[in-house]
Amino acid sequence: MTLSSSIRGCALVPFAAALGCAAAPGTPCGPGFERRGGLCYLVDDAGGGGDAAGADTGGADAGPGAAAVWSVTEVESVFGAAFADGIPDPMRVRGVYGQAIAHAEPACPARESQSAGTLSGVWFADCVTRAGAHFDGLGIVLEAHDDAVWDLDGVANFIITLPDGRRFDGGGEFALDARVAGGALRWSTKTGGVYHFDGETDWIGAGGEVALFAEGVDEGGARSVRVDGGAVMAGHTLAFRDLRAESDVCDGLPSGQVLVRDPGTHWWSVDFGGCAPCGVLRFHGEATPRGELCIGPAVGAAALALHDVGLVP
Amino acid sequence: MRAGALALAVGLFGCAGPTPAPPLTHHPLPGDSAAPDDPPAGAAFAGAPLDARGLLRRASLDLRGVVPTEAELDAVEADPSAVDGLIRGFLDDPRYEERLVDLLAERFLTRGEEFNLRWFEMGLDPEQDFAFRRAVGEEPLRVMARVAVEGRPWTDTVTTELTVANELLREIWPIEAVEEGAGWRWGRYTDGRPAGGALMTNGLWWRYYTTPNNFSRSRASALSRLFLCEDFLTRPISFESLALLDRESQNEAIQTVPACVGCHSTLDPLAASLFGFWWFDIYAPAELNVYHPEREMLGPYYLETEMAWFGAPMADAADLGPFVADDPRFRSCAVKSLAAALWRRTPDLADFDTLQALQVEFEASGLRHKALAAAILQGDDYRVGALAPGASEADAARLTTRRLLSPEQLASAVEGLTGFRWAHRGYDQLTNDVVGYRILGGGMDGQSVTRPERDPTLTHALVVQRLAQAAGQAVVADELVAAGERRLFPAGLRLTDRPGDAAFDDALGRVHRRVFGRWPTDPEAQEAAAFWEGVAAANGPDAAWASLVAVFLRDPAFWTH
């Protein structure tokens with residue numbers, strides 16, 4: 001993965017350096033921006049330099065009732081941390097559910113509509129297996145899979161406690177529709193809800209809040225992906241609006257918008273386009289940008305990494 | 001937005017400059033000699049005011065939920081003009097907050113009992129069922145009532161970063177207390193939801209839930225109706241039936257068919273601001289218990305529109321509260337709503353001047369709800385007790401000269417008099433319908449019944465009968481048999497006292513006065529004593545007192561005001 005998480009023209013920040021940053025230090029800022037202390041600001045920005053919160057928030061009018069809690073530097077840092085583990089892959093829920101339901105016994109939970117080789121099964125139970133797994137709630141998973149199609153629809157409203165004490169809390173929906181047609185694999189996923197599985201180190205272990213809708217096409221070794229929705233990533237709340245990336249166009253740089261919500265409950269947005277690694281940073285929908293963030297490579301790479309398993313469950 | 005708000009406000013008041021408030025017609029306080037059919041002081045008002053004792057009783061029941069004390073009755077009998085000071089004091093009484101919750105419930109309809117989750121899904125015990133249902137439904141009402149009684153600007157009801165929660169809500173939802181103490185306290189959600197007062201409470205949106213495919217449109221409609229008195233459903237529309245089977249075709253119709261656009265051009269952008277409360281699964285505790293910040297931006301995806309407040313763009317959900325607070329309809333709606341609650345009728349066009357004057361007072365007070373309440377309590381429409389000579393049939397149908405106590409008032413008034421609260425298996429029998437009689441007693445659950453009864457019904461009579469009988473037995477058993485604290489009966493009364501004994505006659509008069517707010521006439525006292533003697537002869541004095549109290553409580557003069 002290539003990650004350029006520096007604000008245009010900035011020195012590499014630590015996380016970016018760790019993951020490899022493509023943006024060379026000293027790169028000029030875009031038109032209308034100037035570099036201050038490693039960050040790009042509007043030329044007429046009255047915010048001044050420095051890293052103190054408020055000092056580098058750009059000074060633009062945030063509108064009544066909206067005050068930026070984060071500085072631009074902090075926004076950059078948050079985006080970097082958020083994308084370090086990629087965008088939550090919707091199929092992760094399926095995988096964890098598969099682990100949990102493997103502890104089922106014929107009578108606990110009694111499942112209807114089971115299908116060999118899939119996770120299909122509908123259950124509504126509050127029971128404990130002989131091995132000590134506790135299934136409480138409702139699970140509806142319908143799955144069909146062959147060489148050309150992989151369909152999955154799941155509804156989660158359960159708590160599954162495994163014999164080793166680990167607990168899987170699920171509430172929401174998850175779905176996949178993938179099929180091969182004309183030599184291309186077209187897929188779409190929907191993952192919405194709250195999922196938490198004890199003991200995992202990724203987003204689902206941290207208590208995953210997701211509302212992600214992704215679709216893509218894999219054809220001839222190239223991928224194109226579109227992402228909408230939102231998710232909690234590395235403890236930060238992000239959203240995606242018509243975020244698109246194509247592996248063989250613009251080196252995978254994205255178009256569309258990525259947003260992050262600050263502790264003041266307002267959103268910062270970064271708009272990408274024009275094959276640029278840097279996007280325009282705005283706070284609270286202001287007309288006047290606060291700066292530019294060069295997180296395009298990381299964002300594009302994260303998008304292109306979604307559902308990269310093809311038709312293999 | 002502020003310029004627009006100002007223009008709207010100017011339009012409302014019909015001029016471009018400061019407008020003097022039309023005077024609120026305020027009758028001179030009548031003494032007891034004033035007959036109910038005295039001509040009204042207001043030139044065109046078709047009603048005559050209550051006398052001072054009647055007004056005291058009405059205000060006490062409306063603002064505190066109890067009948068006046070003997071001392072208060074003494075004060076008004078000695079000086080009828082004392083009633084105004086007493087009423088002002090009622091607004092500072094701790095019980096006013098509870099009554100305000102009751103009144104707000106009639107408008108916001110959140111005290112329902114059918115939520116998508118039940119006690120066992122919340123990890124609660126069965127005996128917590130009533131408390132759970134009640135607490136969920138009351139959360140937004142408590143926010144508004146607390147703002148009101150603490151004298152904060154009414155705009156805080158939609159802008160504060162806090163909620164009001166009790167122990168149960170703090171147990172089941174991510175709420176931390178921000179003040180110490182038991183019961184309903186200020187608290188703060190810890191799930192990252194924006195500030196927004198009642199707008200950002202789980203309780204409000206559990207009541208007004210949205211199906212996944214409705215995408216919060218029903219909630220947006222409810223928000224407009226509840227907080228702005230602007231009901232999308234009253235807008236006239238006419239269109240041919242369309243085949244709208246999927247989201248895309250629905251959105252296309254909404255954005256292109258004129259009959260749809262009329263509402264949805266403002267409804268959908270408002271709905272887009274509510275996605276933090278939108279659930280993928282409407283029965284999953286993990287979904288319903290918390291706010292979902294990551295969903296705030298789903299409007300463009302699902303509704304194909306950005307969030308906006310009636311045309312003004314919103315950047316994020318945190319803008320919702322300030323936009324509501326800044327909307328002149330929010331303030332006029334507060335006035336109209338409280339007037340309706342205290343007048344016990346729906347304001348109409350004839351009330352325009354009165355509402356306008358009330359709004360001026362409300363604004364002048366800095367949007368203090370108590371000031372608004374005080375202004376309403378001063379007006380003819382609140383104080384009306386009878387029709388004026390020459391009043392028309394329309395006046396008779398419009399003015400509520402006699403008002404039925406709500407089940408909540410009935411419960412608290414009877415408890416205040418007798419100490420008796422009708423409960424069964426932890427359910428308050430007059431304020432729930434799971435195993436109680438709220439609707440049968442003239443109340444409402446906010447879901448299947450959305451307006452309180454204005455007139456007595458057969459089931460109301462049956463509920464009052466059982467309540468009165470149980471309360472009569474309880475107060476006698478407690479005060480006269482077990483020698484408990486005297487609430488209703490004078491300290492000097494003993495079970496051995498008989499009609500003609502000074503202690504008996506004094507007790508009879510005082511009980512009558514507490515229940516009805518006035519001394520009995522001689523014929524009334526004689527009739528009551530005769531009734532007591534008849535029952536006592538058959539079943540003893542304790543049964544006689546219990547029956548007499550029950551008869552008093554069943555009298556329409558008690559359960560109306």
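Predicted model: local features only at pLDDT ≥ 70, side-chain atom pairs only at ≥ 80, totals over all residues.
Residues are numbered from 1 along each chain as its sequence is written, and chains are lettered from A and ligands numbered from 1 in the order in which they are written.

Chain A contains an open sheet of 12 strands in the order 3-4-5-6-7-8-9-10-11-12-13-14, with antiparallel pairing. Strands here are DSSP runs of E with at least two residues, and helices are runs of H or I with at least four, numbered from the N terminus; two strands pair if DSSP finds at least two bridges between them. At the edges stand strand 3 (121-128) and strand 14 (291-293) of chain A, each pairing on one side only. Strand 9 and strand 10 of chain A, for example, are joined in the antiparallel sense over nine bridges.

Chain A also meets chain B: 31 residues of chain A are in contact with 23 residues of chain B, where contact requires C-beta atoms, placed from the backbone, within 7 Å. Strand 9 of chain A gives the largest share of the side of chain A that touches chain B, five residues.

In chain B, helix 16 (residues 328-343) and helix 17 (residues 352-364) pack at about 115°, their axes 9 Å apart. Axes are lines fitted to C-alpha atoms, for helices over the stretch in contact, and angles run from 0 to 180 degrees between N-to-C directions. Val335(B) of helix 16 and Leu358(B) of helix 17 are among the residues that make this contact.

Note on methods:
Contact = placed C-beta atoms within 7 Å.
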